[in-house]
Amino acid sequence: MLQASSRKTIGIIDGQGGGIGSTIIKKIKARFGESVEILALGTNAIATAQMLKAGANRGASGENAIVQTVARVDVVVGTLGIMLAHAMMGEVTQKMAEAVSGCTATKLILPISQENVDLIGVSDEPLPHMVETLVIDHLKPLL
């Protein structure tokens, strides 16, 4: 959803402890400040709370929050698990995965997965390097 101030809205989706989402939010906030609105979308309340602590503007938890919100953001950011039903130890429901993969928002997906999925042709970069690439090479041109 494009805000009246023309700020882009970015939905960051994470589960379990919210650590990866928090890392992403800190990097985006450091680079773009308040020129973007960041929505923390947690598969659970702990993940959402951690992402809010990291600097997200607003947050919500659970299936319905994710399903409804991804339809209204400009960009969705997360790991591969947000597009896989039953990922993150079952926290990602089929409805969540379908809503993310089917939404019209640009999706910036980090190739990290705890699932039994190997992405062929993708290098094993440390998380901080991947987040830097995500923010500089992929998010910046969208804003």
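Okay, let's start with helix α4: the face turned away from its buried side carries the exposed residues Q94, K95, E98 and G102. Quick reminder before I go on: this is a predicted model.

So what about the other face? In α4, which runs over residues 94-102, the buried ones are M96, A97, A99 and V100. Look down the helix axis and those buried residues fall within an arc of 165 degrees, so they line one face of α4. And what do they pack against? The buried residues of α4 contact β1 (8-14), α3 (63-70), β4 (75-79) and β5 (106-110).

Now over to α2, residues 45-53. Here A47, T48 and M51 are buried. They cover an arc of only 100 degrees around the axis, which puts them on the same side of α2. Their packing partners are β1, α1 (19-32), β2 (36-42) and β3 (58-61). Turned away from that buried side, you'll find A45, I46 and K53, which are exposed.

N44 caps the N-terminal end, with a side-chain oxygen 2.9 Å from the backbone nitrogen of I46. Just after the helix, G55 takes a positive phi of about 125 degrees.

Last stop, the largest pocket. Its volume is about 230 Å³, and the elements giving two or more residues to its lining are β5 and α5 (127-139). Which of them gives the most? That's α5, with 5 residues. Among the lining residues are L108, P111, E125, H129 and H138. By class, the lining has 7 nonpolar, 4 polar and 1 charged residues.

Terms used
Residues numbered from 1 in each chain as written. Predicted model: local features only at pLDDT ≥ 70, side-chain atom pairs only at ≥ 80, totals over all residues. Heavy atoms only, no water. Buried < 20%, exposed > 50% of the residue type's maximum accessible area, 1.4 Å probe, protein only. Helix = DSSP H or I, 4+ residues; strand = E, 2+ residues; numbered from the N terminus. Arc of directions from axis to C-beta. Contact = heavy atoms within 4.5 Å. 1 Å grid on protein atoms, 1.4 Å probe; cavity = no way out; pocket = protein on both sides within 12 Å on 5 of 7 lines; lining within 4 Å. Points joined across faces, edges and corners; volume = space filled by probe spheres on them. Nonpolar A, V, L, I, M, F, W, Y, C, P; charged D, E, K, R; others polar. Polar contact = N/O pair within 3.5 Å; in protein donor to acceptor, adjacent residues only side chain to side chain.
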